[in-house]
Number of protein chains: 2
Amino acid sequence: MEVQQAHEFILHLLLILVAARLFAELADYLGAPSVIGELMAGVILGPSLLGWVEPDEILKMLAEIGIILLLFEVGLKTDAKRLLYASNKSLFVALSGFLFPMVFGFVLAYWLFDLSLLVSLFIGGTITATSIGITVRVMRDLNCQQAHEGQVVLGAAVLDDVLGVVLLAILYDFSVSGGVSLVNVTKVILFIAIFFAVAPIAAKIMSVYVSRLQENSKLPGVIPTTIISLVLLFSWISHQLGAPELLGGFAAGLALSRRFFLPFGIVISSDRHCAECVEQQMMPIIQLFTPIFFVYIGLSLNLAEIDWGSPFIWGFSLSVFVLALAGKMIGPFFLNESIWSKWAIGMAMVPRGEIGLIFAELGRISGILNNEIHAGMVIVIVLTTLLTPFAMKWFHDAYASHLCAEEQVRG
Amino acid sequence: MEVQQAHEFILHLLLILVAARLFAELADYLGAPSVIGELMAGVILGPSLLGWVEPDEILKMLAEIGIILLLFEVGLKTDAKRLLYASNKSLFVALSGFLFPMVFGFVLAYWLFDLSLLVSLFIGGTITATSIGITVRVMRDLNCQQAHEGQVVLGAAVLDDVLGVVLLAILYDFSVSGGVSLVNVTKVILFIAIFFAVAPIAAKIMSVYVSRLQENSKLPGVIPTTIISLVLLFSWISHQLGAPELLGGFAAGLALSRRFFLPFGIVISSDRHCAECVEQQMMPIIQLFTPIFFVYIGLSLNLAEIDWGSPFIWGFSLSVFVLALAGKMIGPFFLNESIWSKWAIGMAMVPRGEIGLIFAELGRISGILNNEIHAGMVIVIVLTTLLTPFAMKWFHDAYASHLCAEEQVRG
């Protein structure tokens, strides 16, 4: 029986990886973000449709590693300097795009749908963070990355992500302790502050240690094993301090990022080379694990259990969706920009992605969001991600002359 | 509780990876093969000593992926051409070094220690295969790889490994069906023959498909996900046909090897480049998973349960160890070589490694080898691996003038 289990696990993993790749390619071919394809793969393989793969304990752990590594990658690609010196415009777009959806979502859930405080907070939280990945991807496809709007959006999306992770840590702590304690909130914020202040020092020690070990060791595989250990260590510490594991992944990624330098202008010469080989060797591992996370979310959805006839789910998701749009569009209209740029920036901030899905998933696992609300939130995330690329492409084609000025000079 | 489990799993994986690296480096520093360090890490973390990590289901699955990927790597680094055109000397050394230990081990266990047929066959099987990895490593350390003896040993070790895997498949089938059926044995041999005949065609289709996908896909991560899928697919097919999963990993590796060409001189031009990038991107993943396998073996050992006072375990392991030495040393003495070369070749064939550990582990999992015999076999493998590098270094230093002639001309 034990041997059979191994072979079943192999089959499940095979189905997950193949379906994820297949539907991601299909989504990409149809002009949708590939993450949608991976979610669909899970929905199709899981109890919602075919029932071939159950979201079991082992897959859950692999998915957990997947989220942590995904946040590690986000951290690795986050420009800490840009984070520190984000322009006022980015800061404004980030803060408004964080606060409005949070408040809108909370108010809607708490007062209109009469949900509990914690559920309403999770609903608000789920729609706060713009997906850097999807936004960057869409802007690259439209050749807008180097344009003025692109720079504002990128800075805002990065800040936004950090705010989202901080909020997630606070809500996670809240969900565990069961009340809004000022002490706990302060503790979490303090922890995150200390964590991010200590990270550079840890990074210095670790990167020196790793590169020294790599130079001196006659054994292969230094980078994959030590860096994964580092990520797991940070995740574990993060959990021990009351924050979700993935925050540790993000901190480890940020610390190892090639654009991360120590304060006071201290630059370690070995850092740059090390950061490059870390990225090169970690990417295959990250790329292997992250689809498992998104497919796992699809597997856990169980759309078959949801009463699609109930007006609640439709009313709920559609109203949250409208607020998720509005929450991101309001801020940019207060900027000193042309009307087209305001629209472009607002639209680019709409896609929710990884952080939103992690919010929803954490809410589901801890029993805060029931099946119906979880599915509703995933529908909202999918809609923001699915529709934005098409909307942006249409807007860009229609008003190209007013947009991406810098790109046209450069291009 | 569920969330806590994830954090416990993260801690266990962290401990495994860190301990594996630490003890592997320590073993290497002390002049022992690193695999010994990884086994020790498992013994120390597991129930034998500290009891911090239990060999649970999830780790078992990761270890399973680890073995499969290890065999994939062995396949990837196996020179199929050298396998086909192995010199007569290599063929003779391989066959004698396969048959003598098998027969010696079987006779000892069956007649002297009065063990059952299946147990005796597994004991014989465990000491058949020379560890390519360790042998190559030791020869490289002694600068002997390009020498005449090195070539003979390398060819023999490769053949030997294939014979070991074939024997493992037969014994596995035997252990499942419960009897020595000529039909089953023929089936397994036939399957392996067909499998290895079909592999090139599969490789052609797959490599063309993978490289085409990689060229056309705008999504990252084609190689890690598709190649792991391919390995899992071959492993699953292998299981479905009655052979152990790891044979599929070996076949997939052999098929994707950069030295693997289709028969009749058909060379696919895209193959070489593809094989290189496959190796480059797969190595971090392989290097991450394989230590988990060796640590897992250490975790499963439970040396605390063994009665170390019983004369059986000492008499058993030491007599198997002597036969494991003798079995590999006899063959080379019939070669037309100088007495020093005979000794050098025989010694280089002594280290047992991955295949032996896999034999022992499969025997343990299927309940064929009890705790005591399993531990005894692991002790034998550890002794062959631990002592050989020291013995070879001493022999090489003492008789250098008579050895590695070609190397001295080249070097």
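The model is predicted.

**Exercise 1. Which surface do the two copies use for their contact?**

Solution. 
- Step 1. Compare the contact residues. Of those in chain B, 100% recur in chain A.
- Step 2. Conclude: the same surface serves both copies.

**Exercise 2. Describe the side of chain B that touches chain A.**

Solution. 
- Step 1. Count the residues. In chain B, 45 residues are in contact with 45 residues of chain A.
- Step 2. Find the helices. At least two residues each come from α1 (2–29), α3 (57–76), α10 (222–240) and α12 (269–301) of chain B.
- Step 3. Pick the main contributor. α1(B) gives the most, with 15 residues.
- Step 4. Sort by class. This side of chain B has 25 nonpolar, 12 polar and eight charged residues.

**Exercise 3. How do α5(B) and α6(B) pack, and which residues meet?**

Solution. 
- Step 1. Locate the helices. α5(B) covers residues 88–112, and α6(B) covers residues 117–126.
- Step 2. Read the geometry. The angle is about 145°, and the axes are 7 Å apart.
- Step 3. The crossing of α5(B) and α6(B) is right-handed.
- Step 4. List the partners. α5(B) brings B:Pro101, B:Met102, B:Val103, B:Gly105, B:Phe106, B:Ala109 and B:Tyr110. α6(B) answers with B:Leu117, B:Val119, B:Ser120, B:Leu121, B:Ile123, B:Gly124 and B:Gly125.
- Step 5. Sort by class. The contact of α5(B) with α6(B) has 10 nonpolar, four polar and no charged residues.

**Exercise 4. Now follow α6(B) to α15(B). Find their relative direction.**

Solution. 
- Step 1. Locate α15(B): residues 354–365.
- Step 2. Read the geometry. α6(B) and α15(B) pack at about 160°, with axes 8 Å apart.
- Step 3. Apply the cut-off. Angles over 145 degrees count as roughly antiparallel. So α6(B) is roughly antiparallel to α15(B).
- Step 4. List the partners. B:Phe122, B:Gly125 and B:Thr126 of α6(B) touch B:Gly356, B:Phe359, B:Ala360 and B:Gly363 of α15(B).
- Step 5. Sort by class. The contact of α6(B) with α15(B) has three nonpolar, four polar and no charged residues.

**Exercise 5. Work out how α10(B) lies against α11(B).**

Solution. 
- Step 1. Locate α11(B): residues 245–256.
- Step 2. Read the geometry. The axes of α10(B) and α11(B) come within 7 Å and cross at roughly 135°.
- Step 3. Name the arrangement. That angle makes α10(B) oblique to α11(B).
- Step 4. α10(B) passes α11(B) in a right-handed crossing.
- Step 5. Name some partners. α10(B) residues here include B:Leu230, B:Phe234 and B:Trp236. Among those of α11(B) are B:Glu245, B:Leu247 and B:Ala251.
- Step 6. Sort by class. The contact of α10(B) with α11(B) has eight nonpolar, five polar and one charged residues.

**Exercise 6. Where in chain A does pLDDT stay under 50?**

Solution. 
- Step 1. Start with the average. Chain A averages a pLDDT of 80, and 83% of the residues score at least 70.
- Step 2. pLDDT stays under 50 over residues 263–267 of chain A. It also does over residues 406–411 of chain A.
- Step 3. Check their contacts beyond four places in sequence. Residues 263–267 of chain A have two; residues 406–411 of chain A have nine.
- Step 4. Read with care. Where pLDDT is low, the predicted coordinates should not be read in detail.

Terms used:
Residues are numbered from 1 along each chain as its sequence is written. Chains are lettered from A and ligands numbered from 1 in the order in which they are written. This is a predicted model: local features need pLDDT of at least 70, side-chain atom pairs count only at pLDDT 80 or more; totals for chains, interfaces and linings use all residues. Two residues are in contact if their C-beta atoms, placed from the backbone, lie within 7 Å. Axes are lines fitted to C-alpha atoms, for helices over the stretch in contact, and angles run from 0 to 180 degrees between N-to-C directions. Helices (H or I, at least four residues) and strands (E, at least two) are DSSP runs, numbered from the N terminus. Angles under 35 degrees count as roughly parallel, over 145 as roughly antiparallel, 65 to 115 as roughly perpendicular and the rest as oblique. Ala, Val, Leu, Ile, Met, Phe, Trp, Tyr, Cys and Pro count as nonpolar, Asp, Glu, Lys and Arg as charged, and the others, Gly among them, as polar. A crossing is left-handed if the near helix is turned anticlockwise from the far one by less than a right angle, and right-handed if clockwise. pLDDT is the predictor's confidence in each residue, from 0 to 100.
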